[in-house]
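Here is a short briefing on one protein model. Have the sequence and the 3D view open as you read.

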Amino acid sequence: HAIVESVAVIPSADETTYDVWVSVKRYVNGGYKRFIEYFEALFDDETEQEDGYFVDGGLTYDNPLTIASINTTTHTVTINSHGLSDGDVVRIDGVYLYGGGSSELNGKNYVVSGSATNTFVISREDGEDMQYTDDDSVPFIPPSGFTFGAGGFVREYVTVVSGLYHQMGETVSICADGAVVPDQVVSSGVSLLNIDATQGRVTLPLRATKVHIGYNFRTRGKMLRLEAGSQDGTALGKTRRTHKVAFVLNRTNSLKIGMSFDNLQELTFRTASDPFGQSVPLFSGIRIEQLDSNYDTENQLCWQQDTPLPGTILAIAPQMHTEDAQ
């Protein structure tokens, strides 16, 4: 268990907010260690999905390489000292092309070849030509009539993340490119007093470009006993059953609900139209769910979020049957 021993609030580096810093004692790798940690900024509508993660003591792997130029004729990307090798798979984001085509180029995967110190050539993973297509899911390089404008990053896909020396032997939760992957145990082999950045690693079951790793925590909520009225007075004290509930959600991707924490049903947010192998888009709207419930005098609706994904509940509207006294 983590014990917060000290708390301080100081201005952020850009002096636009105040940051909360804590000294935390944790039992890690066979002994108690102390860490200085801080709270990330609140998740809001301006935050990208892949940056929405919720773990304790977490670290982020993200290595964006700034693009200097792209030759749309030869498909050559220029990045100073990029460090990529032939066969690496990368994703391109944030590029602006004069003449259009930016949306089809961004957010797609490409294979590296012909790599030199400052340049490399990109091609499609399926080996097809880099030609224009109306299919937004297919990567392409626009024809020579399109020219590189400005901006953009290349991120390499990885399957191993190291440097987690502060979590040796611990079970951690992982959010990779906006999706949850199964919990992993951080490999050990070196003490915290002899830090080796190559130790403390996890192997991901799938490739990702941006990975957040840390201790899982569980968020729970429970409604008070509802007073919805009845034909002969109040509903409190009467036998009743909550059979349906509507949740108003904002940018949510994980939620469990039920009439007790021992009997929760997990909501499914993936739909048939969501591409397989990609993170499920965050949901905003109303979810109406039937509940597995019985008649009793309590009827207190419960909800739980136990993944590192974002979730915001704006409103809860239960529907309840009440038995009046005879």
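This is a predicted model. Start at the β10–β11 hairpin, where five residues sit between the strands. G114 in this hairpin adopts a positive phi near 55°.

**Strand β11 and its partners**
- Strand β11 spans residues 119-123.
- β10 (residues 108-113) runs antiparallel to β11, and three bridges join the two.
- In β11, I122 is the residue opposite V112.
- β7 (residues 76-78) also pairs with β11, again antiparallel and over three bridges.
- Here T76 faces V121 of β11.

**Two faces of β11**
- Side chains in a regular strand alternate between the two faces of the sheet.
- On β11, F120 and I122 make up the covered face.
- T119, V121 and S123 make up the uncovered face.

**H82, a loop residue**
- H82 sits in the loop that links β7 to β8 (89-93).
- Is H82 buried or exposed? H82 counts as buried because its relative accessibility is 6%, and the cut-off for buried is under 20%.
- Leaving out residues up to four places away in sequence, H82 touches L65, S115, A116, T117, N118, T119 and F120.
- Two of these contacts, T119 and F120, belong to β11.

**Nonpolar surface patch**
- V4, V7, V9 and Y18 form a nonpolar patch on the surface.
- Together they have about 440 Å² of accessible area.
- Strand β1 (residues 3-11) supplies the largest share of the patch, three residues.
- V4 is in strand β1.

How values were computed:
Residues numbered from 1 in each chain as written. Predicted model: local features only at pLDDT ≥ 70, side-chain atom pairs only at ≥ 80, totals over all residues. Heavy atoms only, no water. Buried < 20%, exposed > 50% of the residue type's maximum accessible area, 1.4 Å probe, protein only. Helix = DSSP H or I, 4+ residues; strand = E, 2+ residues; numbered from the N terminus. Pairing = 2+ DSSP bridges. Contact = heavy atoms within 4.5 Å. Patch = residues over 30% accessible without salt bridge, like charges linked within 9 Å, V, L, I, M, F, W, Y side chains within 5 Å. Areas by Shrake-Rupley, 256 points an atom, 1.4 Å probe, with all protein chains shown as cover. Salt bridge = Lys/Arg side-chain N within 4 Å of Asp/Glu carboxyl O.
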